[in-house]
Amino acid sequence: MIGMDEKLSFFKDGLRLDGRLPDELRPIKVEVGVLARADGSCYMEMGENKVIAAVYGPREVHPRHLQEVTRAIVRYRYNMASFSVEERKRPGPDRRSYEVSKVSREALEPVILTSYFPRSVVDVFVEVLQADAGTRTAGINAASVALADAGIPMRSLISSCAAGKVDGEIVLDPMKLEDNFGEADVPIAMNPSGEITLLQMDGRLSKEELQRALELAKAGCQQIYEIQRKVLIDRYSHMDDMGSCDEVVAEEEI
Amino acid sequence: MSDVVMAEIRKDYLYHLMLKGERADGRAFDEYREISLETGLIRKADGSALVRLGKTTVMVGVKIQPGEPFSDTPNKGVIITNAELVPLASPSFEPGPPNEVGIELARVVDRGVRESGAIDLESLCITPGEKVWIVFIDVHILDDCGNLMDASSLGAIAALMTATVPAAQYALGEDYPLPVKDVPVATTAVEFGDSVIFDPDTDEESVADTKLTVITTADGSICGMQKSRPGFISQDQIYRIVDIACERAKEIREKFLEV
């Protein structure tokens, strides 16, 4: 463990500890339709984060008292595997994952055309297999692709990433080390036209720094959107008349 | 079903008022309801505060006890924040363990206290690696008439500022006031149509598209934010809310939390 009082340098020759520029995302890898039983699914890596998202539905709501007469409800379950973090995490939901699930659901719900499916539910399940700061944003990105893969009618995709502050500098997509010792973290999610559906912030920022962070995160979301869009096009552009497509796995790396 | 119909009618009514620049209770869009704050009402607690924000009533109690530190922060005290949405406070609250609304509320209150550095956790260390002070912040909602985030955050910091570390009780020296180094204040706005409305009541909350809570510190920086409710918000709107939030927070801090 790095000593508390030792000042860690986060930059060397203008580059970050993993060699990235301040405004650079970690490498992204996406695969669509990775699960046989789910209606839609997506596996995504963002740096060392590995998440998998599955979508089931629209389907009947259980328990039935949850159903809404005018629209489908959306449920989102964010879950971390016990082995996904340094020290084993107790399995099952904790308070953090309840909050993450809530804000992630609210990040996706505005683009899902829920009024098409009254009295039903769209279930989104996100499993974090390996965590390295930014799992909620990776989960939202994967879930958004999985929703499209499941054929759920949506206004647009949602893309998500965070900006942070380390060593007084605003950086895009902080990794675990930067997040732990950083001064602030601002995860956002937005649609392709830049309307924000998720915004959280902890740490300490001035108004100007917040603006810089939002601008950076927005640029990151735009890059992620292009990747999400491309994997979906790659996956579905060579569908044959029978509605099935080749078993090629769409992959995109930056 | 009747709830859905009522909500539509209410939304329509509030929307038309909003177009005229009005709110149902006559407030300006950036105006808070009357705030009252009393501290030290609960003698059994180490710090307590009763906040009234209009008719919204929240009691916050702070208990401080020695306990074990987390293994990764052996020389730091611990803050544990919990919120109880007890069924006496609203027809829509049910008994049982906290739901996601309660958990979110507690975590946003916690974020303000923690990220502002209001409590110097290292000063709460008794024996490194063995014994530290654990500060329990318990938010008890008594009457939910909207904007629980701001009422609870105000209650939490007020209770902490008046809290005593009960050292004598545990034979750890004399009691002393809990050192509080910053005063985070949460301000919440909802977006409804294109308008931004601060300190929403329950009706305004139920019809709003999005809600944004901004927590600011005494020096005017931002130490926490949380958007909730499904809905979009633009960057410009965020900056607008942050600007007004800083002003309102400053007023609240000066009026209620200046020592």
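**Notes on a predicted two-chain model**

1. Start with one residue pair in chain A. A:V166 stands opposite A:E169 in β9(A). The model is predicted, so local features are described where pLDDT is at least 70.

2. That pair belongs to two joined strands. β8(A) and strand β9 (residues 169–172) of chain A run antiparallel and are joined by 4 bridges. Together β8(A) and β9(A) form a hairpin, with 2 residues between them. A:D167 sits in the turn and has a positive phi of about 55 degrees.

3. Is β8(A) covered or open? Strand β8 (residues 159–166) of chain A is mostly covered, with 8 of its 8 residues buried. The burial holds for both faces. A:S159, A:C161, A:A163 and A:K165 point one way. A:S160, A:A162, A:G164 and A:V166 point the other way. Note that A:K165 is among the buried residues.

4. Now the contact between the chains. On chain A, 28 residues are in contact with 27 residues of chain B. Three elements of chain A each give two or more residues to this side: α1 (95–108), β11 (196–205) and α4 (207–236). Which of them gives the most? β11(A) does, with 10 residues. By type, the residues on this side of chain A divide into 11 nonpolar, 8 polar and 9 charged.

5. Strand pairing also crosses from chain to chain. β11(A) is joined by 4 bridges to strand β12 (residues 222–228) of chain B, and the two run antiparallel. One facing pair can be picked out: A:L205 stands opposite B:I222 in β12(B).

6. Chain B as a whole comes next. Chain B has 5 helices and 12 strands. Its C-alpha atoms fill a box of roughly 60 × 40 × 35 Å, taken along the principal axes. Why does its radius of gyration agree with a compact globule? Chain B has 259 residues, and a compact globule with that number would have a radius of gyration near 18 Å; chain B has 19 Å, so the two agree.

7. Two further figures describe chain B. Buried residues make up 43% of its 259 residues. Take the contacts in chain B between residues at least 6 apart in sequence: 68% of them join residues at least 24 apart.

Definitions and conventions
Residues numbered from 1 in each chain as written. Chains lettered and ligands numbered in written order. Predicted model: local features only at pLDDT ≥ 70, side-chain atom pairs only at ≥ 80, totals over all residues. Contact = placed C-beta atoms within 7 Å. Nonpolar A, V, L, I, M, F, W, Y, C, P; charged D, E, K, R; others polar. Pairing = 2+ DSSP bridges. Rg over C-alpha atoms; globule rule 2.2 N^0.38 Å. Buried ≥ 20, exposed ≤ 12 C-beta atoms within 10 Å, placed from the backbone.
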